[in-house]
Amino acid sequence: MIYLLHFDRPFGHARHYTGWTKDLAARLAEHATGRGARLLAAVHAAGIRWELARTWTGTRNDERALKRQGGASRRCPLCGVKPRPGTEGACR
């Protein structure tokens, strides 16, 4: 599963984190304690809150492709973006 986290305020240039996991609940629990990704450790230390904004069905390769494309805010419903009908659970 691919997931997108939305930060309540920017950390440097970052406003989002895109990740991949087989166990979303466990991964989010790691992130909540500042473990699991360097960016989220720094976000945690800075006192920045985040929330799960979106998920997609996909592989680790799909996650890397999304990261290479950039523009996480264009995929974030909390930033006002609405997924196209029929694409909510698909990696596009």
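In this predicted model, the side chains of Lys67 and Glu63 meet in a salt bridge, with 2.8 Å from N to O. The two residues are four apart in helix H3, and therefore about one helical turn separates them. Lys67 is partly exposed, because its relative accessible area is 42%, whereas Glu63, at 7%, is buried.

**Other salt bridges**

- Within helix H1, Glu30 and Arg27 lie three residues apart, about one turn of the helix, and their side chains form a salt bridge at 2.9 Å, N to O.
- Glu30 is partly exposed, with a relative accessible area of 28%, while Arg27 counts as buried because its relative accessibility is 17%, which falls under the 20% cut-off.
- A further salt bridge joins the side chains of Arg49 and Asp8, at 3.3 Å from N to O.
- This pair links distant parts of the chain, since Arg49 lies in the loop between helix H2 (38-45) and strand E3 (50-56) and Asp8 lies in strand E1 (residues 2-11), 41 residues apart.
- Arg49 counts as exposed, at 60% relative accessibility, and Asp8 is partly exposed, with a relative accessible area of 38%.

**Arg75, a buried charge without a salt bridge**

- Arg75 is found in the segment after H3, where the residue is buried yet has no salt bridge.
- The nearest side chain of opposite charge belongs to Glu63 and is 11 Å away, and Glu63 itself is the salt-bridge partner of Lys67.
- The side chain of Arg75 does make a polar contact, at 2.7 Å, with the side chain of Gln69.

**Thr21 in a loop**

- Thr21 sits in the loop between E2 and helix H1 (24-32), and this residue counts as buried because its relative accessibility is 9%.
- From this position, the side chain of Thr21 reaches the backbone nitrogen of Asp23 at 3.1 Å.

**The largest pocket**

- The largest pocket holds about 250 Å³ of space, and of the 14 residues that line it, the closest to its centre are Ala14, Arg15, His16, Tyr17 and Ala72.
- Strand E2 (14-20) and helix H3 (60-69) are the elements that give two or more residues to this lining, and E2 provides the largest share, five residues.
- Sorted by class, the lining of the largest pocket has five nonpolar, six polar and three charged residues.

Definitions and conventions. Residues numbered from 1 in each chain as written. Predicted model: local features only at pLDDT ≥ 70, side-chain atom pairs only at ≥ 80, totals over all residues. Heavy atoms only, no water. 1 Å grid on protein atoms, 1.4 Å probe; cavity = no way out; pocket = protein on both sides within 12 Å on 5 of 7 lines; lining within 4 Å. Points joined across faces, edges and corners; volume = space filled by probe spheres on them. Nonpolar A, V, L, I, M, F, W, Y, C, P; charged D, E, K, R; others polar. Buried < 20%, exposed > 50% of the residue type's maximum accessible area, 1.4 Å probe, protein only. Lys, Arg positive; Asp, Glu negative; His and termini not counted. Salt bridge = Lys/Arg side-chain N within 4 Å of Asp/Glu carboxyl O. Polar contact = N/O pair within 3.5 Å; in protein donor to acceptor, adjacent residues only side chain to side chain.
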